[in-house]
Amino acid sequence: MDDTVANNPAADESVRSGENVRVGEHYFTADPGASARPRDIFFNIEGQEYDLVAAGGVFSATRLDPGTTVLLKKGPLPTAEVGGNFLDLGCGYGPIAVVLATRAPAAQVWAVDVNARARELTEENARRLKVAERVHVAEPDGVPDGVAFDQIWSNPPIRVGKEELHQLLLRWLPRLAPDGTAWLVVAKHKGADSLQQWLAAQGWQADRHASGSGFRVLKVTRPQAV
């Protein structure tokens, strides 16, 4: 691996898959220049098989990444009778969004990403799973201001840097409904515990819900009234 890739961990997923990545390009680039090279991604969640399409220039383009796997397998996925508005924050090619939509047919799922290719893939995957009418794909500024979320699910982009990550969460967590819950998955070695402490310092109730494969699943809610 050349020095450019070794010093750019956000690009290593694309390099392993043989893609031509521009120096400095990340999966959270708005308009990725990496070759698309679509490929199918297969995974199983609670007995249901998923066959999605991913492509270069999008986070974890060759597999369901370990963090998202832990979130979907250890987070309390909604049951069929649960409705409301859900948010997949940083949706990538849409694995979280389509799992939520198939699990909760009464819910509306918003899938948000800055990456245009990711949004296109999420739309395609929602059509594949026949949930496109309930998966609303948007860039961050495309979500109507009046929409509050009963659940937020996210494998947040840690590699954007601590300050930008904090700004991301400060933007979206206040859009939780009064009794809403956010489920975040963060690698332990990438600051899961410090993020939990920071969330608490911002006034959120942040609890460790589960751990697995080097990741923490955090449950974030509004503090209980005394």
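**Ground rules.** I am working with a predicted model, in which local features need pLDDT of at least 70 and side-chain atom pairs count only at pLDDT 80 or more, while totals for chains, interfaces and linings use all residues. Residues are numbered from 1 along each chain as its sequence is written, and side-chain values use heavy atoms, with hydrogens and water left out.

**Whole chain.** I looked up the secondary structure and found 7 helices and 9 strands in the protein chain, where helices (H or I, at least four residues) and strands (E, at least two) are DSSP runs numbered from the N terminus. Of the 226 residues, 51% are buried, a term that stands for under 20% relative accessible area with a 1.4 Å probe, protein chains only. I noted an accessible surface of about 10,400 Å², with 48% of it belonging to carbon and sulfur atoms; such areas come from the Shrake-Rupley method with a 1.4 Å probe. For contacts (heavy atoms within 4.5 Å), I saw that among those between residues at least 6 apart in sequence, 65% join residues at least 24 apart.

**Helix 3 and helix 4.** I turned to helix 4, residues 95-103, and found it mostly covered, with 7 of its 9 residues buried; these are P95, I96, A97, V98, V99, L100 and A101. The axes of helix 3 (residues 66-74) and helix 4 come within 11 Å and cross at roughly 15°, the axes being lines fitted to C-alpha atoms over the stretch in contact, with angles from 0 to 180 degrees between N-to-C directions. That angle makes helix 3 roughly parallel to helix 4, a label for angles under 35 degrees. On the helix 3 side the contact is made by T68, L71 and L72, and on the helix 4 side by P95, I96 and V99. By class I recorded 5 nonpolar, 1 polar and no charged residues there, with Ala, Val, Leu, Ile, Met, Phe, Trp, Tyr, Cys and Pro as nonpolar, Asp, Glu, Lys and Arg as charged, and the others, Gly among them, as polar.

**Helix 6 and helix 7.** I then checked helix 6 (residues 162-172) against helix 7 (residues 192-201), which pack at an angle of about 45° with their axes 12 Å apart.

Technical notes:
Buried means under 20% relative accessible area, exposed over 50%, partly exposed in between (1.4 Å probe, protein chains only). Angles under 35 degrees count as roughly parallel, over 145 as roughly antiparallel, 65 to 115 as roughly perpendicular and the rest as oblique.
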